[in-house]
Amino acid sequence: MADDPVNYEVCTDAALTAAVLSEYQNGHAQLDVRRVRRVLEATFTGTCPRCQHQFSDTDRRRGLIDRFLPGRVRALGRNPESSIKSILKCSCADAHPGRPTGKFGCGFNFSLRVDV
Ligand SMILES: [Zn+2]
Ligand SMILES: [Zn+2]
């Protein structure tokens, strides 16, 4: 904890996103995908590569489920899509200077392909 705290800044970064991906591929982060009625929920749990804090964030995609139900998609004569893009963000509870009241995380956000 001797390190200077990371300032809050909404950002995306290719290298950090790649770090998140390898964390997941190495089994150090978890991605849980659930269907709740018409909503697809993807929850990412792992360590933020920007601030090094543990966090868990859930992306909810409403209204997408119909598009990805294989039966319906096949009925339209198309191949069902096997993945969608989920937008997730660091939502650690730790303090970051400059963060607006009521927000969590350090501002880092990223997108992951989620199998459906
Ligand atoms: Zn943090
Ligand atoms: Zn962070």
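In which order do the strands of the open sheet follow one another, and is their pairing parallel or antiparallel?

## The sheet

The open sheet has 3 strands in the order β1-β2-β3, and the pairing is antiparallel. Strands here are DSSP runs (E, at least two residues), numbered from the N terminus, and two strands pair if DSSP finds at least two bridges between them. Because β1 (30-36) and β3 (54-62) stand at the edges with a single partner strand each, one side of each is left without a neighbour in the sheet. On average, neighbouring strands of this sheet are turned by 15° against each other, direction ignored; the axes are lines fitted to C-alpha atoms.

Between β1 and β2 (residues 39-47), the antiparallel pairing runs over 7 bridges.

## The chain as a whole

The protein chain contains 3 helices and 5 strands, with helices defined as DSSP runs of H or I, at least four residues. Along the sequence, the pattern is α-β-β-β-α-α-β-β.

## Confidence and numbering

This is a predicted model, in which local features need pLDDT of at least 70, side-chain atom pairs count only at pLDDT 80 or more, and totals for chains, interfaces and linings use all residues. Residues are numbered from 1 along each chain as its sequence is written, while chains are lettered from A and ligands numbered from 1 in the order in which they are written.

The mean pLDDT (the predictor's confidence in each residue, from 0 to 100) of the protein chain is 85, and 79% of its residues reach 70 or more. Where pLDDT is low, the predicted coordinates should not be read in detail.

Note on methods. Axes fitted to C-alpha atoms, helices over the stretch in contact; angles between N-to-C directions.
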